[in-house]
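Please open the model in your viewer and keep a selection panel at hand.

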Amino acid sequence: MSADISALDGATGQTRTPHHPRFAVGVLAFCGVVVAVMQTIVVPLLPHIPALTGATPTAASWLVTVTLLTGAVFTPVLGRVGDMYGKRRVLVASLAVLVMGSVLCAVSSHIGVLITGRALQGAALAVVPLGISILRDELPPERVLSAVALMSSTLGIGAAVGLPVAALVVENFDWHTMFWVSGAIGIVDIVLVLCCVPESPLRTRGRFDAVGALGLSAALVCLLLAVTQGADWGWTSTRTVGLLVAAVVVALLWGAYELRVPTPMVDLRVSARPAVLLTNLAALLIGFAFYANSLVTAQMVQEPKATGYGLGASLVVSGLCLLPGGVAMVALSPVSARISATYGPKVSLALAAGIIAVGYSVRYFTSHSLWLIIAGATVVASGTAIAYSALPALVMRGVPVSETGAANGLNTLMRSIGQAFCSATVAAVLANITFQAGGRTAPTLHAYQVVFVIAAGAALLALAVTLLLPGSRTPGTGTVGEDRKDRKGGARTNLIEEGA
């Protein structure tokens, strides 16, 4: 919102204090990076958790799995709650939950407490779609695309930054330190949001769909548990198959219920529109393609030289391999916004999927040189930056402004599901294509190349899905701008109730 414009707060009816939009963009982007860092911060620590806590390796793996589960469950739910009761309010609550989770992890070495803390940290992933929704509500139309592009890219930026930072902490400090630091930064985030980010007056009318939220949560938990634990339990085991069947049954019952309620948790009629459905499918495939880059890069360069392809790099060096990709994501988010403004976000997403596929082609043939590995990983990250910037623009073009939080939450959820499937796929490939090297079992070079081929295939599928999307509107028009037709009058109402 412009600094010279006041508006009535839809929740309180009081005149709102104007905020400078530049500060709001920077603060929300910083919050997004912090939340994304939390998702990956324990990855370098995982091999050491059993010795540090006395837990089994299986229990230690839940420090990552539980954040995936809670992030997937709470992202669409809190997005909807934000649409109904105030986006900034829910965003601050999410950051408070992150702080609570960080403190729990900082004060204990008990695996049960650590898993609980990590679950709370995962729930804060809703900060990203909530931030996107606030920016859409508050910024002038000409600034929305660039701001949303940066906010969406924070998921990738944080993932790239989190690994080397966590590796440095693990090697040089007590491991609890990173949780104390993350808790302190979370408190700073809360203060900055309260000072610099306005509360949107836009609200979705109706009653919160608690049954729909529980049904969606149950279906997601069943699906993601089966996907993330299938390799340990066995893909044909009773638990895995039972959870997959339960996920399908619950999803069908949930969908039938959602079609009957007046204010559903997820508006399936809107979500079934080709512009929204295909965008979410592309998000799943892009999430799959991107995550393979994060999963295999550090592990590959750490493989011992006895494998014939490994570089024997340290934990810190392996984490730093992803840092140039994070820098590229920061630099390319405004470029993606310009491409979307000029040619439409469909063109941006298609370009991004092609770049990711090219990046994996580079990685396939350059697996023996550290600098070429970094170059290939950076190309993949560059494509991901453009994709993550284009996805929310496509979502906002296809949904009513009153459903922005829930719709972007669902799109973020699809990326997370793609990452879960990628994690399971990579684990299966690397565990089954192995050989003996230096007295230990290690993945072969061919195993990593298979991962690159699969990830490139996911990117090409995303490209095909993108090409099926309905044509873009003329840049600068459509849902993103229509809800601001009465800006000059000060107070704004929700002008878009029927969607694009």
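Which residues form a nonpolar patch on the surface, and with about how much accessible area together? Select Phe30, Val181, Ile185 and Val188, which form this patch with about 290 Å² of accessible area together. A patch of this kind is made of residues with over 30% relative accessible area and no salt bridge, nonpolar side chains (Val, Leu, Ile, Met, Phe, Trp, Tyr) being joined within 5 Å, and accessible areas come from the Shrake-Rupley method with a 1.4 Å probe, where for residues only the protein chains shown count as cover.

Before you go further, note that this is a predicted model, in which local features need pLDDT of at least 70 and side-chain atom pairs count only at pLDDT 80 or more, while totals for chains, interfaces and linings use all residues. Residues are numbered from 1 along each chain as its sequence is written, and side-chain values use heavy atoms, with hydrogens and water left out.

Staying at the patch, colour helix α8 (residues 177-196), which gives the most to it, with 3 residues; helices here are DSSP runs (H or I, at least four residues), numbered from the N terminus. Phenylalanine 30 lies in helix α1 (residues 21-40), and at 36% relative accessibility it counts as partly exposed, that is, between buried (under 20% relative accessible area) and exposed (over 50%), with a 1.4 Å probe and protein chains only.

Next, select Asp83, Lys87 and Asp137, which are linked in a network of salt bridges, each being a side-chain nitrogen of Lys or Arg within 4 Å of a carboxyl oxygen of Asp or Glu. The N to O distance is 3.9 Å for aspartate 83 with lysine 87, and 2.8 Å for lysine 87 with aspartate 137. Lysine 87 lies in helix α4 (residues 87-107) and aspartate 137 in helix α6 (residues 127-138), so this pair ties together parts that are 50 residues apart in sequence. Lysine 87 and aspartate 137 are both buried, and aspartate 83 is buried as well.

Now turn to the largest nonpolar core, which has 126 residues; such a core is a set of buried Ala, Val, Leu, Ile, Met, Phe, Trp, Tyr and Cys residues joined through side-chain atoms within 4.5 Å. Its largest share, 13 residues, comes from helix α12 (residues 274-302). Centre on isoleucine 286, one of the residues with the most contacts inside the core; not counting residues up to four places away in sequence, isoleucine 286 touches Leu349, Ala353, Ile356, Ala387, Tyr388 and Ala462, contact meaning heavy atoms within 4.5 Å.

Finish at serine 348 in helix α15 (residues 345-365), which is buried, with a relative accessible area of 0%.

Technical notes:
Helices (H or I, at least four residues) and strands (E, at least two) are DSSP runs, numbered from the N terminus. Patches are made of residues with over 30% relative accessible area and no salt bridge: like charges are joined within 9 Å, nonpolar side chains (Val, Leu, Ile, Met, Phe, Trp, Tyr) within 5 Å.
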